[in-house]
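The following account considers charged pairs and then nonpolar packing in a protein chain. Please consult the sequence and the coordinates while reading.

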Amino acid sequence: MTYRLGCDIGGTFTDFVLVNNITGEFHTNKCLTTPSDPSDAIEQGIRELAQILPGFMDNVEEIIHGTTLVINAIIERKGARTGLITTKGFRDILELGREKRYDAYDIFSEYPEPIVPRADRAEIDERLTFDGRVLKNVDTNEVLKVLEKFKKDGIESIAVCFINSYENSVNEKKIKEIIEKEAPELFLSTSFEVLPEIKEYERTCTTAVNAYVKPITFWYLNKLITRLGTIGFDGKFFIMLSSGGITSIETAKNFPVRIIESGPTAAVIASQHYGQMFNIADMFCFDMGGTTAKSCLIQDGHAGLVSTFEVGRVQRFQKGSGLPIQVPVVDLMEIGAGGGSIAKISSLGLLQVGPESAGADPGPACYKQGGDNPTVTDADLVLGYLDPDFFLGGTMALDIELSKKAIQEKIARPLGTTMVEAAFGIHDLINETMASAAKTHIAEKGGNPNIVTVSAFGGAGPVHTYGLAKKIGAGSILVPPLAGVGSALGFFTAPVAFDLSRSHRKVLDEADFKGIELLFNELEQESAKILEGAQSGDEIIFERTLLMRFVGQGAEIDLGIELKDFTMFSKDEIRTMFDEEYKRLYGRTSVESPVEFVTFKVRASLPKKPFSISKLSTQNRNLETCIKGERQAFSVIKKEYIPFTVYDRSKLFADAQFNGPAIIEERESTIVIGEDAKAKVDDYGFIWIKIVKSGGPIKSDIGQVGGYK
């Protein structure tokens, strides 16, 4: 077994990175995503790689896969018909939610439709107390009646969520036994397995979403594995988790809600890896593909994790207007801004770009697939940033005349402006949209946009990173090798891992530390069992986290703790850790107020198997041989076309330095550098770009850029 293959399905393109574990050699590929059946694009891309390396699939040790299948099914409401079984009196929890408005002053504010309509929800007369004592057991006859109705109504998948079941799962286990015996053909998700945590609305919604996407995930992964087998694959198959780890296909089938942010997370993990390599304190990951743009602030070499996020917001930037999903996820911001984002004139007569995307089918106008809407890619092509004859390394020619026609007819003419001004307006507006989101995200994390190093990923990321960095005030940009397929490459930096949690509320002063140690042990044993299929003799690494709060509060803070017997901690130690973290987050604490444990978390992971990058060749030291030519492109400073020197990235050598304006081309992406910036290449092919502040000269050297570890 010689190779590992990373495969990331995006909204527009499916990316592939193949790495040779012995030589460190990389092979890459991009092909258009096939929305009707994503596995078509995977097979097509692998067969294209096989033309370069015949028979390589026989030697692939593992495939790591990231997909947007789950999140797209939720947003587009294309999941299975789902039934919800809950405690008597709690049928309407999905609509009641938190009983608060996300916009107090908007009387017309809308909310997402519940993932399970009211007609498909059923109540069971069972009940547990807050501390898990059984007041009413499950009545088998009552369950059978519900099952009979569900079958008659065409329900395909069932979610079970009882009140307080996170403290005692006995009633949910009972109903699981009945359903598996009487209706084994139905898919089943129980909250004690999906999310045994406090907060009824979030737990019910998360369990329902898991049930909603479970059938399509099951059939898709089964079909994909079968297709891979027909082309020679016989290794291990992993799926990227939203939390930044990878997991087995069986775990992904059982808990598809854990892979909602599967693809977007990978670029963040890659950026985190590079930040640790170069000891960069504040790294801002910017990943722009064909459909969306993702960003994440990485501080001190670590991307933050959050336990709750929202999907399918009715109002894009309004917290509370989407479906809450309570699973561990990398703390990133995602907006509808990509190369395929459609430009149009809004109802107010103003230019609007996104969030709608042309996707892979029909795609931007220049793709020549029938699309007639102008997109960001069309604007970038007209502005000279893209070479119509070198898109995807020349394998996909673009038609600039179709781009000009779409922009002229649908943007320039209605606005009464020139086609070039309209094209720049599209390019600049999408940069402004992304910059606004970036500044908000950085501010929320207590960061400073002026000191971050922006790392560029995605097919469109390197094209727009220079403009984005100028708008947020960042002076440094890092473009790693293979940035255009950065997510697929990022899979190789992620460990096999899984996170488990369990809520158990106890006031600190009354807590039984022996009991807490037993709870942690149970979580560790359970998570180790999940990793069994991928273990290969490696020792499992455990991490423990406490979620604590002041008694009476509704939100918790996370405390990572040392891995040792919990009885070795004193209550004073735990209280001190809580107060220090609370003060760091909020500026003050209240030492006289009691605190409580709410949830206990464990992450189990296997050692990473990172890739290595070979040094650049030192034979060629002549910059002139790296130049492909010169192209007229639009200057964001002078607001006119000026000559940009075009470089071939594959020919650049270590310590190569040059001033902008410049364009650096490679098969997967294109880097645009303005005239107020300078680039330098390090020993391993990372391109470091420095932007000079207004009025300052470009220095002869951009300084030491670090080295690959």
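Lys-410 is partly exposed, having a relative accessible area of 33%, where partly exposed denotes the range between buried (under 20% relative accessible area) and exposed (over 50%), for a 1.4 Å probe and protein chains only. Its salt-bridge partner is Asp-372, with the closest N and O atoms 3.6 Å apart; a salt bridge requires a side-chain nitrogen of Lys or Arg within 4 Å of a carboxyl oxygen of Asp or Glu. The two residues are 38 apart in the chain, Lys-410 in helix H11 (residues 400-415) and Asp-372 in the loop between strand S22 (351-357) and helix H10 (376-382). Helices (H or I, at least four residues) and strands (E, at least two) are DSSP runs, numbered from the N terminus. Asp-372 is also partly exposed, at 47% relative accessibility. Elsewhere, salt bridges with shared partners unite Asp-37, Asp-40, Glu-43, Arg-47, Lys-223 and Arg-227 in one network.

The model is predicted: local features need pLDDT of at least 70 and side-chain atom pairs pLDDT 80 or more, whereas totals for chains, interfaces and linings use all residues. Residues are numbered from 1 along each chain as its sequence is written, and side-chain values use heavy atoms, without hydrogens and water.

The largest nonpolar core comprises 123 residues; such a core is a set of buried Ala, Val, Leu, Ile, Met, Phe, Trp, Tyr and Cys residues joined through side-chain atoms within 4.5 Å. Helix H7 (residues 200-230) contributes the most to this core, with 11 residues. A separate core of 76 residues includes Val-454 and Ile-687.
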